[in-house]
Amino acid sequence: MELLLQILLLIAGFVLLVKGADWFVDGASGIASRLGIPELVVGLTIVAMGTSLPEAAVSIVAAIKGSAEITIGNVVGSNILNVLIILGITSLIREIAVQRSTVRYELPFTIGVTVLLVCLGLLDHYISRADGWILWIFMILYLLYLWQMTKKGSQEEAKEERQKPIWLLLLMVASGGTMIVFGSDITVDAATAMAKMFGMSERFIGLTIVALGTSLPELVTSVTAAIKGKSDIAMGNIVGSNIFNILFVVGTTALITPVEYAASFTVDSIVAIVTMLLLLLCVARHHKLGRLGGTLLLLSYGGYFVYLMQS
């Protein structure tokens with residue numbers, strides 16, 4: 001009965017996280033549109049950060065509660081899963097178009113900040129507050145880069161948000177934020193309890209179950225976009241989320257409380273770097289990710305999961 005209760009709590013936590021992030025993003029995007037913030041900035045900052053809110057909430061709560069392995073495992077695991085599983089599945093549904101700027105700048109930048117995270121972690125096996133500031137400096141530089149970009153935003157979506165009254169948008173932000181906070185608290189407690197029941201490490205739970213749960217917004221967004229024939233949205237969503245996961249989520253968590261970076265995460269972090277390199281190789285030549293590339297990504301995650309089960 002105790003196991004069933006924890007499973008139900010874990011599912012309830014995931015539902016709160018996903019729906020809360022959905023409401024928060026919609027409300028924040030609508031308010032930003034009302035304030036005249038450019039659509040480019042709304043799409044690449046607020047929405048990308050919004051889909052990373054579950055990771056942020058879970059990581060911060062886990063770090064405060066002393067479950068540091070869930071914090072790092074959640075971020076590293078989510079970034080691996082975002083590429084190998086979500087882009088893998090999405091590319092099987094429909095070929096994913098990749099922007100030239102993504103190949104030239106954003107993917108290499110993602111690889112760079114992942115390497116930075118590994119270096120900071122291995123230095124003293126902690127992501128300290130000073131490290132948090134370093135990550136946030138890169139976060140600000142990334143935001144400045146986004147501000148300079150001139151990609152076309154979705155005008156139809158913007159008009160739909162403008163039609164909603166401001167009180168409803170504010171309510172969506174407040175409700176979504178509250179659901180994320182409660183959902184993250186429930187998720188961390190349930191995942192930790194299950195880990196103890198099965199004798200699993202918090203690292204394994206963070207890299208698999210929690211990572212999958214907090215990546216659900218990205219999964220839903222990418223697959224839905226592919227079904228609607230807007231598969232190019234999937235790539236920007238995943239790459240942007242991976243960058244925010246490292247710079248915003250880990251950086252913010254470290255500013256609140258230093259996060260332990262266990263030696264066991266070295267291999268997982270290297271896998272995250274190799275994952276981004278593999279993605280870059282798959283899309284560099286033709287600027288698209290097809291079914292062959294997607295199959296390769298999914299098989300790669302299968303190999304990584306076998307490693308996790310044996311480690």
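Alanine 284 is partly exposed, at a relative accessible area of 36% (buried means under 20%, exposed over 50%, and partly exposed in between, with a 1.4 Å probe and protein chains only). The model is a predicted one, in which local features need pLDDT of at least 70 and side-chain atom pairs count only at pLDDT 80 or more, while totals for chains, interfaces and linings use all residues. Residues are numbered from 1 along each chain as its sequence is written, and side-chain values use heavy atoms, with hydrogens and water left out.

Alanine 284 is found in the loop between α12 and β4 (288-289); helices (H or I, at least four residues) and strands (E, at least two) are DSSP runs numbered from the N terminus. Between alanine 284 and valine 98 there are 186 residues in sequence but 9.0 Å in space, C-alpha to C-alpha. The loop between α12 and β4 also holds histidine 287, whose phi is near 55 degrees, a positive value in a residue other than glycine. Histidine 125, in the loop between α5 and β2 (126-127), has a phi near 60 degrees, again positive in a residue other than glycine. Histidine 125 is partly exposed, with a relative accessible area of 36%.

Helix α12 has 19 residues and spans 27 Å from its first C-alpha to its last, close to the 27 Å expected at 1.5 Å a residue (the expected span is 1.5 Å times one less than the number of residues). Buried residues of α12 include Phe265, Ile273, Leu279 and Val283.

The largest nonpolar core has 56 residues, of which Leu87, Ile127 and Leu279 touch the most other members. A nonpolar core is a set of buried Ala, Val, Leu, Ile, Met, Phe, Trp, Tyr and Cys residues joined through side-chain atoms within 4.5 Å. Among the elements that give two or more residues to this core are α4 (68-93), α6 (129-148), α11 (232-256) and α12 (265-283). The most comes from α11, with 11 residues. Apart from this core lies another, of 18 residues, including Leu10, Ala62, Ile70 and Ala191.

Aromatic rings of Phe, Tyr and Trp (its six-membered ring) pair if their centres lie within 6.5 Å; planes under 30 degrees apart count as stacked, over 60 as edge-to-face and the rest as tilted. The count by this rule is nine aromatic pairs. The rings of tyrosine 142 and phenylalanine 244 have centres 5.7 Å apart and planes at 75 degrees, so this pair is edge-to-face. This pair links distant parts of the chain, with tyrosine 142 in helix α6 and phenylalanine 244 in helix α11, 102 residues apart. Tyrosine 142 is buried at 5% relative accessible area, and phenylalanine 244 is buried at 0%. In the pair of tyrosine 261 and phenylalanine 265, the centres are 6.4 Å apart and the planes lie at 50 degrees, so the pair is tilted. Tyrosine 261 is buried at 0% relative accessibility, and phenylalanine 265 is buried at 0%. One aromatic cluster is formed by Tyr105, Phe109, Tyr142, Tyr145 and Phe244.
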